[in-house]
Amino acid sequence: NTAGKPIRCRAAIARKPREPLVIEEVIVAAPKPREVRIKIICTSLCHSDINYWKLEVDSCLRSKLVFLLKLINDCCFLLKRPPAIFPRILGHEAIGVVESIGEGVHEVVEGDTVIPMFLPDCGECADCLSKKSNLCSKYPFHCTPWVGRDETSRFTDINGETLYHFLHVSSFTEYTVVEMARVIKVDPAIPANRACLLSCGVSTGAAWKAAKVEIGTTVAIFGLGAIGLAVAEGARLCGAKRIIGVDVNQDKFEIGKKFGVTDFVNPRNIGDKTVSQVIIEMTDGGADYCFECVGLTSLVHEAYAASRKGWGKTVMLGVDQPESMLTLSSFGLLEGGKSLTGSLFGGLKPKSDIPVLIKRYMDNELQLDLFVTHEVEFEDINKAFDLLLEGKSLRCVIWM
Ligand code: CXF
Ligand code: ZN
């Protein structure tokens, strides 16, 4: 019985930005009060893992003086620039089994199948209690987590060096420790290599929540990566009549068709026209719903412009640089009558909505299988990085 004791296991550590992860032995501390230690079954790779793996910010100072580190963190926070923290255990799309629980955890027991989540859902604050929000205020989500939790880590390497957490999940390890507010108990009947997708990218694209897409509407999707394709899948399930995919990669049309994409615009093949002009022509006035799924401010502008005056709604799901700004003409806003919103995790409330997605998968409605283009063993985790970097995979599942 390992409860209450540190566990020695294998983890894939990001030691330096852009360098392959290294599998090493690590020590995972026992969960503190209201925390859960999870044995990861499998995990998948999301673009955010890659974005933070690439980030390079003065991490060499870390080993020198702790106060300097704090100072950098504060500056990073003020400048809204995510700090890069190494060595770090990345990974935030996963499923696992509860190995042990900390004091005061009553919602799960050892052996329960759970999904660890980057987005908290405490179930107690005004936001969690409201149907309208998925932004918990008890554990506010910042794009710039230092180590998460109480500013301490549950990971050390065998030389006693601290390993930093990532997005409060850190799933590229055999065991991790996650706060109860970020632990979703799920039906163990769902295959692990499908369920793991639901803790980030694929759920983020669930259009039925972020935009309440209705039957017979027209949806335009900017970027047909995993999130964009998930938007198509969600829109298809909502009964959208026309689903227009926008991507510079022509192959995405054929792939998109499997998820309900009916029309395609390749920005490289439209001459002098803008994508929004093309969409406005195709739809006789603009799309009812537009989704930005790349993380480019310029595309948010195009999406907003492509949405129909009077009622068009644009949802930004992609993640751009923290300092990038949108510019909207105030007159345009006034005369346009359109709306523009951003959404973390597609507006889903993790604890109540993930089980709904699982049920829809189990009922053969939601197609999760098509997102899993590759599967590798833990030893080959760097292959998952290569595949996503080369644009060859939608989701690569990594088996522990
Ligand atoms: C993202 C959400 C925005 C900040 C970085 C992480 N979530 C998952 O990929
Ligand atoms: Zn993600």
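Let's start with Cys-9, which is buried at a relative accessible area of 3% (buried means under 20%, exposed over 50% and partly exposed in between, with a 1.4 Å probe and protein chains only). This is a predicted model, where local features need pLDDT of at least 70, side-chain atom pairs count only at pLDDT 80 or more, and totals for chains, interfaces and linings use all residues. Residues are numbered from 1 along each chain as its sequence is written, chains are lettered from A and ligands numbered from 1 in the order in which they are written, and side-chain values use heavy atoms, leaving out hydrogens and water.

Cys-9 sits in strand β1 (helices, H or I of at least four residues, and strands, E of at least two, are DSSP runs numbered from the N terminus). Setting aside neighbours within four places in sequence, its contacts include Glu-24, Val-26, Thr-173 and Tyr-175 (contact means heavy atoms within 4.5 Å). Val-26 in β2 is also the bridge partner of Cys-9.

**The open sheet**

β1 pairs with β2 (residues 22-28) in the antiparallel sense, over 7 bridges (two strands pair if DSSP finds at least two bridges between them). Both belong to an open sheet of 4 strands in the order β1-β2-β6-β7, with antiparallel pairing. β1 (7-13) and β7 (162-163) are at the edges with a single partner strand each, so one side of each has no neighbour in the sheet.

**The zinc site**

What holds the zinc ion (ligand 2)? Cys-46 (SG), His-92 (NE2) and Cys-200 (SG) coordinate the zinc ion at 2.0 to 2.3 Å (donors are N, O and S atoms within 2.8 Å of the metal, or 3.2 Å for Na, K and Ca; water is not among the atoms, so sites may look incomplete). The site has 4 donor atoms and is tetrahedral, with angles of 94 to 125 degrees (for four donors, that label needs all angles between 85 and 135 degrees).

His-92 lies in the loop between α2 (66-78) and β4 (93-101), and Cys-200 in the loop between α4 (192-195) and α5 (201-204), so the pair ties together parts 108 residues apart in sequence. Both His-92 and Cys-200 are buried, Cys-200 with a relative accessible area of 8%.

**Other cysteines**

On disulfides, the count is 0 (a disulfide is a pair of cysteine sulfur atoms within 2.5 Å). For Cys-125, the nearest cysteine sulfur belongs to Cys-128, 3.6 Å away. Cys-125 counts as buried, at 11% relative accessibility.

How values were computed:
Tetrahedral: all angles 85-135°; square planar, octahedral: opposite > 155°, others 65-115°.
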